[in-house]
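This report describes a protein chain, moving from its overall features to individual residues. The sequence and the coordinates are shown first.

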Amino acid sequence: LVVREWMGKGAIGLGFTFAFYAWIMGPFREPKLLYNATHSFYGIIPLLTYVYFRNLTHGLRSHSSRLFYEVGKTTLETYLMQHHVWLTSDAKSLLVLVPGFPKCNMVVTTVFYYGMSRQLYRITLTLRGMLLPDHSVSKCVTSLLLLTSTFSAYYVMAISLQRLERYIPLPHSIAGISILCGMLLYQTIMDASWIAYRTSSPPSTMLIPGVNDAVLIPALTLRDLIRQESRIARLSPPLIGTLVLFIMGLFWHGVQVH
């Protein structure tokens with residue numbers, strides 16, 4: 001029975017191996033435009049080959065690669081960020097940070113690329129937990145309604161700017177409105193999640209001279225939290241973020257020009 005099982009697996013594996021070899025020697029070596037046109041028809045061959053041999057035995061199914069696991073967690077972010085880090089000019093050119101050394105440039109840009117993708121992944125999980133908590137349906141519905149309204153307002157604003165392109169300098173207007181809308185969106189998220197985040201932390205303790213045991217300090221009330229948070233504390237993060245984005249934009253523009 002075991003011999004017949006392995007004979008069946010071997011026959012199927014031989015078929016997949018032949019199909020994979022034909023794909024390597026044929027469609028995989030085609031020019032980029034022709035490969036893109038036929039990928040939807042032949043791309044299933046390497047995928048099915050990998051899935052079959054990956055699950056061929058119980059030992060293969062019981063182990064996994066830590067590298068693939070870590071990279072796989074950020075597949076969405078890496079797919080989105082490749083158009084902003086690896087590629088420039090609407091995916092028509094490559095970002096060059098180390099001119100004259102393409103391999104070194106590839107390593108440097110890949111480090112930035114993967115680091116930004118991991119950071120974007122953490123930010124996405126954090127925002128998802130704040131705006132769409134697991135144990136509050138009403139909070140999720142409210143956040144979805146607010147997000148829908150916000151995106152709808154931004155869409156209407158984009159259409160209006162497009163129609164007013166003849167009368168106003170579009171790039172400068174888009175930059176100013178994007179910064180303003182980003183600050184408003186940041187402040188909205190902070191107002192909706194900051195107090196809940198602060199009150200979720202456990203009560204703090206402190207040591208008083210002459211007292212052997214630590215004295216438990218009760219958590220501050222919501223009004224105290226709002227009262228103690230100054231305007232500087234509210235405005236400094238978006239202002240710093242705007243400055244960082246401005247500097248990075250100048251750097252990116254200079255790299256792309258030169």
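A residue is called buried at under 20% relative accessible area, exposed at over 50%, and partly exposed in between, with a 1.4 Å probe and protein chains only. The model is predicted, so local features need pLDDT of at least 70 and side-chain atom pairs count only at pLDDT 80 or more, whereas totals for chains, interfaces and linings use all residues. Residues are numbered from 1 along each chain as its sequence is written, and side-chain values use heavy atoms, with hydrogens and water left out.

## Overall features

The chain contains 11 helices and 4 strands; these are DSSP runs numbered from the N terminus, helices being H or I of at least four residues and strands E of at least two. Of its 258 residues, 15% are buried. The accessible surface amounts to about 20,100 Å², and carbon and sulfur atoms contribute 71% of that area; such areas come from the Shrake-Rupley method with a 1.4 Å probe, and for residues only the protein chains shown count as cover. Contact means heavy atoms within 4.5 Å. Among the contacts with a separation of 6 or more, 53% join residues 24 or more positions apart.

## Confidence

The predictor's confidence in each residue is given as pLDDT, from 0 to 100. Its average over the chain is 77, and 72% of the residues score at least 70. Among the elements of the chain, helix 3 has the highest mean pLDDT (92) and strand 4 (residues 215-217) the lowest (46). Over residues 204-220 the pLDDT is below 50, and this stretch has 15 contacts in the model beyond near neighbours in sequence. Where pLDDT is low, the predicted coordinates should not be read in detail.

Helix 7 spans residues 102-131 and includes Asn105. With a relative accessibility of 9%, Asn105 is buried. Outside four places in sequence, Asn105 makes contact with Leu95, Val96, Leu97 and Val98. One of these, Leu95, lies 10 residues from Asn105 along the chain, and the C-alpha atoms of the two are 8.4 Å apart.

Ser117 also belongs to helix 7, and its relative accessibility of 0% makes it buried. Beyond neighbours within four places, Ser117 contacts Thr74, Glu77, Thr78 and Met81. Thr74 is located in the loop between helix 5 (66-72) and helix 6 (75-81) and is likewise buried, at 0% relative accessibility. Which residues does Thr74 touch, not counting those up to four places away in sequence? They are Tyr114, Ser117, Arg118 and Tyr121. Thr74 and Tyr114 are 40 residues apart along the chain, with 8.8 Å between their C-alpha atoms.

Rings of Phe, Tyr and Trp (its six-membered ring) pair when their centres lie within 6.5 Å; planes under 30 degrees apart are stacked, over 60 edge-to-face, and the rest tilted. The structure has 6 such aromatic pairs. The pair of Phe28 and Tyr35 is edge-to-face because the ring centres are 6.4 Å apart and the planes stand at 85°. Both residues belong to one aromatic cluster that also takes in Phe20 and Trp23. Phe28 itself is partly exposed, at 44% relative accessibility.

Thr49 lies in helix 3 (residues 44-54) and is buried, with a relative accessible area of 8%. Not counting residues up to four places away, Thr49 touches Phe16 and Phe20, and Phe20 is a member of the aromatic cluster.

A charge sits over a ring when NZ of Lys or CZ of Arg is within 6 Å of the ring centre and within 35 degrees of the ring normal. The charged end of Lys9 takes this position over the ring of Trp6, 5.1 Å from the centre.

How many disulfides does a search of the whole structure find? The search finds 0, a disulfide being a pair of cysteine sulfur atoms within 2.5 Å.

| Residue | Relative accessible area | Class |
|---|---|---|
| Cys104 | 42% | partly exposed |
| Cys140 | 17% | buried |
| Ile179 | 40% | partly exposed |

Ile179 and Leu239, separated by 60 residues in sequence, are 9.3 Å apart in space, C-alpha to C-alpha.
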